[in-house]
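Hi,

Here is the structure I promised to pass on to you. Have a look at it first, and then read on for what turned up in it.

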Amino acid sequence: MPSPSSQNPTKPSLLILLVLLSFLFYYYHTLHTNPHPSSPRNPQNTPNHYRNLFIHPSLSSTSASTISAHLRRLTLHPHLAGTPSAAPTAQYVLRHLDLPGIETLVKPYQPLLSYPAHASLALHLPNGTVRSLPLSEHPTADAVFPAYHAYSPSGDAFAEAVYVNQGREEDYERLEELGVRIRGKVVVVRRGGGPRGRVVEAAAERGAEAVVMFTEETVRAGVERGTVMMGLGDPLTPGWAARVGDERLRLEDEEVKERFPRIPSMPVSVDTAEVILRELRGPEVPEEWWGPQLRIGGGRVGSGPVILNFTYREDRKMATIQNVFGVIRGQEEPDRYVILGNHRDAWTYGAVDPNSGTAVLLEIAKRLSVLMQSGWKPRRTIVLCSWDAEEFGMIGSTEWVEENLVSLGSNAVAYLNVDCAVQGPGFFASATPQLDSLLVDVTKKVKDPDSEGMTVYQTWVSKSGGISIERLGRADSDFSAFLHHAGIPSIDLYYGEAFPVYHTAFDSYEWMKVHGDPLFRRHVAVADIWGLLALHLADDPVLPFNHLSYVAQLREHTSILSTLLKMGVSLQPLNNSIQELASAANEVEHEKKELQDHKNTEDSVELKRSSLNDRLMLGERGLLDAEGLKGRSWFKHLSREA
């Protein structure tokens, strides 16, 4: 997955008016059908009682050691999706989800995956010396797959090198000003200019022969693996599930070819990149192009006089992946789903990315099973998901959403995602706005793992200067299909802004024990927050959604938009629509309070709650455009970033 560091909120656009109109439609015109009356509950066993039990020391005191043990076991060997080493990890997760009260199942898919068959990179110096350059980290006890870019096409290049900084439009314009040509060259790119695939394709558009990419944010010897495929999901089944034996597009179809860059690429370490950059001549490198790790003073951008001999061979093939599920059936609204998800596959050992999240998911399953043995039964169904092949482009989750799109569109309450549960210190969260209030309330109940006597909420406020909840306009983890394709309210959680072993062979249990979370207290905090969010969404008679946050967000964006537009453009119609939305949201909040305070469980009250919950749940679907975004029709949600 792309590094889940803090993102800027989605930029405003002229689509806001459409968003508002769609949103208002769902508030005022959603049909109130299929009520689900609930039966009386034992007053001694209230939802609040079980939520308190979920985070009570009597249940959570062993969480740190249990999570540590899970992580140790999950990361003993590399487990790249679609390879034989992935099967034991899937079986481990399945076995530990198979607890009292939890039904388990496995759903296989057969997408097109990509592996390295051969790669080499050599530096040819003017004096005739040839120097072979390392492409992966030091040898390890278990052979990890060599570092590569998934879906990079096979290719060869024997050409001069040019340093293009981050490969952005402004970087190429600067090189043009310096008189440096790109056509026919091998470009050296520093990560940070956007998705890998877009950066490689941008180089192809300018005539480059191949791309060598390095990442300064990793440890110096680390090589950041990743995918260069554009878009999400199996490239041969866009919009439908990659089930075994089902119809597929052909590799030569234009719709498939557009998903992959036209030229080959490979990742290298900072150390390897420096070897190349030291030999370049030509104009001096602009000062701002030297990142914090590069140790070359007065470097040059090239091209030449050195030659790079670049070779890559891809092994692209159909492979079987496995999504693993644990299901806790709801007692009163079994056809309403609260979904928790984490991907299981990793480029190497995957201690941070993603198995810190996998270990926490298994801990949550254990605690929920204990609650059920204590008499708890959720009002709504809880689904625990372990996705496969996320690293290739969110494939496991996307195929499942595409296969179950109609059911999810009618029945999914929310999707709660944890990818890298712990990368380091500091709590970070992203969410669709109606879940902001719930997220804040839950963090007030969880002990901060790094500050004695503080809650997560208190340290979050003190370190951020206030609550900072980012939005999910990006598409870099398994919430993507749920939100951007299906319009399901979503949350993404993690500790730590970034980590220096991202997608490298150094992402190991040992790194986590020494650097990421030595006492596993941050893991426990994520388990508490993730689990409490699920319990509220599964058990609260009235869904804990607050759409007034959407009003505040739209007002903020409209204010920014007004500064961008030329004089004479009136935003009064837009402001009027926002005010109508605010009125509708306030009415809903009043209705919520009345129904939350109502202790009567007679059918008429339950029918009103069911009707309100349907409107609350379907509100996010109102932000979907049936035709999809221009040029990216799979993305239906209007908040998707450009």
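H503 is buried in this predicted model, with a relative accessible area of 3%. Since buried here means under 20%, H503 falls within that class. You will find H503 in the loop between β16 (490-495) and α16 (509-516). Its backbone is worth a look too: H503 has a positive phi of about 60°, although it is not a glycine. Most residues other than glycine have a negative phi.

F520 also has a positive phi of about 60° without being a glycine. F520 sits in the loop between α16 and α17 (521-539), and at 2% relative accessibility F520 counts as buried.

Next, the peptide bonds. Most peptide bonds are trans. The bond from G304 to P305, however, is cis, with omega near 0°, and P305 belongs to strand β10 (residues 302-318). Another cis bond runs from D353 to P354, with omega near 15°. P354 lies in the loop between β12 (333-343) and α10 (355-373).

Which residues have the most contacts inside the largest nonpolar core? They are L121, Y163, I339 and F392, in a core of 93 residues. Leaving aside residues up to four places away in sequence, F392 touches a set of residues that includes L80, L113, Y148, M229 and W347. A second, separate core has 80 residues, among them L71, I328, V501 and L595.

Enjoy exploring it!

Best wishes

Notes. Residues are numbered from 1 along each chain as its sequence is written. This is a predicted model: local features need pLDDT of at least 70, side-chain atom pairs count only at pLDDT 80 or more; totals for chains, interfaces and linings use all residues. Side-chain values use heavy atoms; hydrogens and water are left out. A nonpolar core is a set of buried Ala, Val, Leu, Ile, Met, Phe, Trp, Tyr and Cys residues joined through side-chain atoms within 4.5 Å. Buried means under 20% relative accessible area, exposed over 50%, partly exposed in between (1.4 Å probe, protein chains only). Contact means heavy atoms within 4.5 Å. Helices (H or I, at least four residues) and strands (E, at least two) are DSSP runs, numbered from the N terminus.
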